[in-house]
Amino acid sequence: MGLRLVNIWYKYSGGEWVLKNVSINFEKGRIYVLIGPNAVGKTTLLKIAGLIYRPVRGEVYIDDKNFWELDDREKSIVRRNVVYVHEKPVLIRGSVLYNIAYGFLLRGVEKEKALITAREYVVGKGFEYLLDKDSKELSAGETQLTALLRAFILKPKYLLLDEPFTNIDFRNRKKIINIIYELKRESGIVIATHDLYIAEKLGDMIYLFENDKVEKIVDLREYFE
Amino acid sequence: MYEFIDVVFRSLWISGSATLLASLWSIPLAYYIAYTGRFKNFLIPVFDALIGVPTILIGLLIYMVFCNHCILGIVDILYTPYAIIIGESILITPLITTISYRVLEKNIKTYGELVLSLGGSEKQVVDTVLHESLTGLIATMTMGFSRAIGELGIALIVGGNIKGYTRVITTAIALLVSRGELEEAVFLGLILVLIVVIISFISRYARKIVWG
C-alpha cells in the first residue's frame, strides 16, 4: 500500500536525465519532507508522484496499482487520491471561493453544494477574509493560501506540497501548519522545501534528495553540523 | 445608399461565416499541435509564413480548383458568396491557427497541470483549457475577421464583384476608384474601418462579459 515510486528515470525532451533510478515510498499518516539543492529534481519527483508526469522509466504504484498501466477511466478515479500544489500556484479566473470549490467541481459535485462546502471550510479555518476576493486581485501569499486551501479541502490520501510556505506570513503559516497536522491523520503528506525549520518541525521523515539518490536523514542538525 | 447598406451587410455575413468556418478547423488543429507537440516545429513556422501570403494568390488557387473544367468545377460555386467564404476561410486559417496555438500552448501547460494535480481527468483538462483560453480565442477570431473583411484579391477573383450578389466593401471600393468616384470610395473605406473598430470593441466587451 502507499504511494510508491520505483526506479524512476525522467528527463525533459531534449534534456539531460533529471531523475536517475530514484525510488521512494510515501505512506498515509506521515509527513515526508524532501530537502535538497536547487534544480535536483524535487519538483519533477513531486509531479511524477502527483501522477502528472509519466516517468520515462520506472513505475508509480498507488495502493499497489501500477498507475500508468491503468485505463483512462481507472486513471481518472485513482487520480482523485493524489493532490499536488505547485510552488507557483495557478488560479483559475473567478473568486477565491470558486477556486477553492474547483476540486469538488472536477469531482462532479453540484456547483451550489461545492460552493457552500468551500465557504464553510474556509470560514472554519479562519480565512473568511479571502472568500469574496477575485483571483486576479490576490497577493502572492494570498494566491498560495488559496491554492493550499483548494488542495486541503479535498482531503486526499496523498498530498504533495511544493515549497508551500514561500510567500506566507507567520500568522497564516501557523494556521496552515495546524491544518497539515489535522490532515496527517488521514493522509500521507510530502513537502518539498528549503526551509529547515519547517523540515524539522513537520517532518516525520526527512530525505535529502539529489538527482540520483534519496538519503534518509535521521537528525537534521547533526547532518548539517 | 441602399446599395451601400447591402454591400456592408454582405461583407459582414461573408467574412463572419469565413471566420467561423476557419475557427472550426483552426482551433482544434492548434489544440492538437499544442497538446501533442507533434509537427509543431514544421507546421507553426509554415503557418507563420503563410499569414502574409497575398490574397490574390489564394484567390487564384481557389479559382483553379473551382473553375468550370477544374477539379471541383462540378460543385459550381465560382462567382458565388460561398466561393468567397471558402477563400477567406483558407486565407485566415494560418493566422487563427498560429495565434490560437500560442494561447493554447501556454494554457495547456498551466491549466492542464492544475486540473491533473487536483485529480481531474484528461477530458476536464480540455474543458478547463478551452474555458480559460476563451478570451484569447475570441481576440484571435476578431483578428481573423478583420483580415477577412479587409481582403480584396479573393473576393475579386472568385466572387466576381457581381452587383447585389457577390459585391463586398473592398470590391465595391475598387470599382468606385476605377470609375473615378473617389468620394464614395473613401466613404466606403471609412465604413470598413469603422466596422473593424466596432467589431474589436464588441470583442473586448464580450471578453469582459465572459471574465469580468
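This is a predicted model: local features need pLDDT of at least 70, side-chain atom pairs count only at pLDDT 80 or more; totals for chains, interfaces and linings use all residues.
Residues are numbered from 1 along each chain as its sequence is written, chains are lettered from A and ligands numbered from 1 in the order in which they are written, and side-chain values use heavy atoms, without hydrogens and water.

**View 1. Helices α2 and α4 of chain B.** Helix α2 (residues 40-50) packs on helix α4 (residues 81-117) in chain B at about 130 degrees, with the axes 8 Å apart. Helices (H or I, at least four residues) and strands (E, at least two) are DSSP runs, numbered from the N terminus. Axes are lines fitted to C-alpha atoms, for helices over the stretch in contact, and angles run from 0 to 180 degrees between N-to-C directions. α2(B) and α4(B) are therefore oblique to each other. Contributors to the contact (heavy atoms within 4.5 Å) include B:Ile44 and B:Phe47 of α2(B), and B:Tyr101 and B:Arg102 of α4(B). The contact residues comprise five nonpolar, two polar and four charged. Here Ala, Val, Leu, Ile, Met, Phe, Trp, Tyr, Cys and Pro count as nonpolar, Asp, Glu, Lys and Arg as charged, and the others, Gly among them, as polar.

**View 2. Helices α1 and α7 of chain B.** The axes of α1 (residues 2-36) and α7 (residues 169-179) of chain B come within 8 Å and cross at roughly 140 degrees. α1(B) and α7(B) are therefore oblique to each other. B:Phe4, B:Val7, B:Val8 and B:Ser11 of α1(B) meet B:Ile169, B:Ala172 and B:Leu176 of α7(B). Six of these residues are nonpolar, one is polar and none is charged.

**View 3. The open sheet of chain A.** Four strands of chain A run in the order β2-β1-β4-β5, with antiparallel pairing. Strands pair if DSSP finds at least two bridges between them. β2 (17-26) and β5 (65-66) of chain A are at the edges with a single partner strand each, so one side of each lacks a neighbour in the sheet. Five bridges join β1 (residues 3-11) to β4 (residues 57-62) in chain A. A:Val6 has A:Glu59 in β4(A) as its bridge partner.

**View 4. Where chain A meets chain B.** 21 residues of chain A contact 19 residues of chain B. The buried area is about 1,800 Å², with 55% from carbon and sulfur atoms. Buried area is the accessible area (1.4 Å probe) that two parts lose on being put together, summed over both. In chain A, A:Arg79, A:Arg93 and A:Leu106 lose the most area to chain B, together 37% of what that side buries.

Definitions and conventions:
Angles under 35 degrees count as roughly parallel, over 145 as roughly antiparallel, 65 to 115 as roughly perpendicular and the rest as oblique.
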